[in-house]
Amino acid sequence: VYDNSSPSYEYDGKTFSGKGAGVHLYFGDKMKLEAGSAIELEMNGSRIYNNISDGAESTGGGIYFENISLPEMNYTFDIKLSYGSVTGNSAGLGGGLFVSKGEVTSERSGNAVLEISQNTGYQNGAGIYIQDGSLSMANGNITGNSISGNGNGGGIFIENGDFTINAGEISGNSVGNGNGGGV
């Protein structure tokens with residue numbers, strides 16, 4: 001998944017920033033699935049690169065995942081990115097990966113790793129932005145991601161969420177004017 005863009009747009013007199021230029025997964029409160037339904041997406045070995053979400057408030061240049069479905073529906077949404085790469089993507093928030101109210105897992109697959117690298121952000125979380133969600137990584141690398149503006153978390157920015165990494169590295173990430181080059 002490469003060289004895609006999600007530009008800012010106007011609707012009903014308001015301007016909205018782009019979301020999920022490479023992959024956009026949104027599960028809203030108007031979904032009409034049977035209660036207890038499960039949706040699983042596996043992107044093992046995928047390369048998601050050079051995607052751009054436009055605008056300072058844009059989210060998820062590489063992957064945007066948000067789950068705001070009604071809790072009483074008890075939906076289960078799982079995304080698995082066990083190996084592959086999310087590289088060279090750009091957005092205001094979460095240049096590589098933006099997770100909001102969802103769960104993403106990366107499981108070990110031999111010596112293969114998940115690379116989240118060389119992504120850029122203008123505000124927070126150039127590599128990964130987690131907002132009220134979770135990311136569990138096994139055998140992954142978060143390297144060389146950078147914030148160009150006033151922001152935090154060059155590698156990872158966590159806002160009310162959970163992040164677990166088992167084996168791998170977080171290195172070479174930076175912020176232009178902020179805190180937490182790595183996390």
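This is a predicted model: local features need pLDDT of at least 70, side-chain atom pairs count only at pLDDT 80 or more; totals for chains, interfaces and linings use all residues.
Figure 1. Leaving aside residues up to four places away in sequence, Ser-85 is in contact with Ser-46, Arg-47, Ile-48, Leu-114 and Glu-115.

**Figure 2. The ring pair of Tyr-9 and Phe-16.** The count of aromatic pairs in the model comes to eight. In one of them, the ring centres of Tyr-9 and Phe-16 are 5.4 Å apart and the ring planes meet at 20°. Because planes under 30 degrees apart count as stacked, this pair is stacked. Both partners are partly exposed: Tyr-9 has a relative accessible area of 45%, and Phe-16 has one of 32%.

**Figure 3. The ring pair of Phe-98 and Tyr-129.** Here the ring centres lie 5.0 Å apart and the planes stand at 25°, so Phe-98 and Tyr-129 also form a stacked pair. The two residues are 31 residues apart, and their pairing links distant parts of the chain. Phe-98 belongs to strand S12 (residues 97–100), whereas Tyr-129 belongs to strand S16 (residues 128–131). Phe-98 is buried, at 5% relative accessibility. Tyr-129 is likewise buried, with a relative accessibility of 5%.

**Figure 4. An aromatic cluster.** Four residues, Phe-27, Phe-65, Tyr-75 and Phe-77, are joined into a cluster by ring pairs.

**Figure 5. The largest nonpolar core and the contacts of Phe-65.** In soluble globular proteins, nonpolar side chains tend to be buried together. The largest nonpolar core of this model holds 24 residues, of which Phe-65, Ile-128 and Leu-135 touch the most other members. At least two residues of this core come from each of strand S4 (23–27), strand S8 (63–67), strand S9 (76–80), S12, strand S14 (114–117), S16 and strand S17 (134–143).

**Figure 6. A separate core of five residues.** Another core lies apart from the largest one and consists of five residues. Its members include Tyr-64, Leu-93, Phe-98 and Phe-157. Phe-98 is the residue whose ring is stacked with that of Tyr-129.

Conventions. Residues are numbered from 1 along each chain as its sequence is written. Side-chain values use heavy atoms; hydrogens and water are left out. Contact means heavy atoms within 4.5 Å. Rings of Phe, Tyr and Trp (its six-membered ring) pair if their centres lie within 6.5 Å; planes under 30 degrees apart count as stacked, over 60 as edge-to-face and the rest as tilted. Buried means under 20% relative accessible area, exposed over 50%, partly exposed in between (1.4 Å probe, protein chains only). Helices (H or I, at least four residues) and strands (E, at least two) are DSSP runs, numbered from the N terminus. A nonpolar core is a set of buried Ala, Val, Leu, Ile, Met, Phe, Trp, Tyr and Cys residues joined through side-chain atoms within 4.5 Å.
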